[in-house]
Amino acid sequence: MRDDLRELLRRRAAQVPPHLELPRSLTGRARRRIALNALAVGLTVLLLAGGAFAGVRAFRAAPVRQPEGEPTTSSDQHTPSASTIPVCTSARLRAVGSMQGAAGSREGGISLANLSDATCTLQGTPTITLLDQNLEPVTSGVTLGSSPPGWAADGSPEPAGWPVVTVRPGDSAFVRIRWSNWCPDGRPAPLWRLDIPGGGTVDVNGFEAVTPPPCNGPGQPSTVEEGPFEPGTGP
Amino acid sequence: MDRLAATDTGKLGELYVRHADDAVRLAYLLTGDLALAEDLVQDAFVRLAGRLVHLRDPGAFDAYLRRTVMNLSNSHFRRKKVERAYLARARGAIRTQDGPWSDRSVEDRDPLWQALGRLSRRQRVAIVLRFYEDLPEREVAEILKCRPGTVKSLVSRGLETLRNEIRGEGR
């Protein structure tokens, strides 16, 4: 039986005609299959890359969780994902200034609160413009200078993420100001306006209640020194 | 992508000329239907066309093709079984079985060939792989996803059935 079976199978197999070339219909189907496979691989790679990118982005955007019992600082809250957050524009900000008397000068700063419901960032140093009572810029007799940020002046550690300051809704950034030699004595206090880098201008409230610094150098320009944006509401 | 497809189809052409005859013969012995065997082998080549880039060992293509033809043949008979069961239920019939191959020519009077077609699918596969492909029981077991002892049993019972059928037809 086994030999008969072998013989039968060989005889039947020999009836199959030879296949000398790839049939045309098979070529077309194979090409479609190869193209579909390549497309599937491409889509898979694309989806994986997209997923990985979204994952990394979500991870970087996740807020840093503060351990319980430790006080949070603005700098800790503002560290992550600054590169993906928009710049704070003047429409989002409210600027309030305050200064205190020092030896012949006034020291304080401008607090910029984020009134919007979205997080935004500030970076660099705003441009200060002093305006007279007619809201005209004071173009002469004023020298603008720079000063270090408050944390550097105090010897405190550099805030995380600085020089980018991320301002969450309701939080504030701060600009340190030192103002001296406002001549002549009794000259009305100017109005202050800030030009936010890439974010428009914002008027500063609160300085109208500040008594200008004394005129210690008649004929000398008034000096305004300002620091860069830094987290928090100042000292 | 066109260049890739052209390269792969060129490679596929070479493989087809070299392996198609053997694959069609195997499919024919498994199904008893030459046209169906040609279709199954074409389907197998189309499936393998998309995987040629992953084929590291060209010598393994033969085994790969055989396995694909086997799987497609099994799928075909499973589908046919479902169809037959459905038709049988629709006709109120009770009997459904693994069934012989369906296209036996009226002129095809070879009793052993007819009897082979009436074996169960697994018995027929085991016998073809053992007596035509000359595969050892271990390899047949791998293809059928069973133990070598099961292959031995399938072959033994298949042969017994064939003997009985031939004796019955001889009377």
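How many nonpolar, polar and charged residues does the lining of the largest cavity have, by class? The legend of View 1 gives the counts for this predicted model.

**View 1. The largest cavity is lined by residues of chain A.** The structure holds one cavity of 30 Å³ or more (a set of points on a 1 Å grid over the protein atoms alone where a 1.4 Å probe fits but cannot get out; lining residues have an atom within 4 Å of a point). About 30 Å³ of space lies in the largest cavity, a volume being the space filled by probe spheres set on the points, which are joined across faces, edges and corners. Its lining consists of Pro190(A), Leu191(A), Trp192(A), Val204(A), Phe207(A) and Glu208(A). By class, five nonpolar, no polar and one charged residues form the lining (Ala, Val, Leu, Ile, Met, Phe, Trp, Tyr, Cys and Pro count as nonpolar, Asp, Glu, Lys and Arg as charged, the others, Gly among them, as polar).

**View 2. Helix 1 of chain A crosses helix 5 of chain B.** The axes of helix 1 (residues 2–14) of chain A and helix 5 (residues 121–131) of chain B come within 10 Å and cross at roughly 85 degrees. Axes are lines fitted to C-alpha atoms over the stretch in contact, with angles from 0 to 180 degrees between N-to-C directions; helices are DSSP runs (H or I, at least four residues), numbered from the N terminus. The two helices are therefore roughly perpendicular (65 to 115 degrees). Arg2(A), Leu5(A), Arg6(A), Leu9(A) and Arg10(A) make the contact with Ile127(B), Val128(B), Arg130(B) and Phe131(B) (heavy atoms within 4.5 Å). The contact has five nonpolar, no polar and four charged residues.

**View 3. Helix 1 of chain A also meets helix 4 of chain B.** Here the axes of helix 1 of chain A and helix 4 (residues 111–118) of chain B come within 10 Å and cross at roughly 90 degrees. Asp4(A), Leu5(A), Leu8(A), Leu9(A) and Arg12(A) meet Leu112(B), Trp113(B) and Leu116(B).

**View 4. A stretch of chain A has pLDDT under 50.** Chain A has a mean pLDDT of 82 (the predictor's confidence in each residue, from 0 to 100). Over residues 65–80 of chain A, pLDDT stays under 50. Where pLDDT is low, the predicted coordinates should not be read in detail.

**Notes.** Residues are numbered from 1 along each chain as its sequence is written, and chains are lettered from A and ligands numbered from 1 in the order in which they are written. Local features need pLDDT of at least 70, side-chain atom pairs count only at pLDDT 80 or more, totals for chains, interfaces and linings use all residues, and side-chain values use heavy atoms, with hydrogens and water left out.

Definitions and conventions. Parallel < 35°, antiparallel > 145°, perpendicular 65-115°, else oblique. 1 Å grid on protein atoms, 1.4 Å probe; cavity = no way out; pocket = protein on both sides within 12 Å on 5 of 7 lines; lining within 4 Å.
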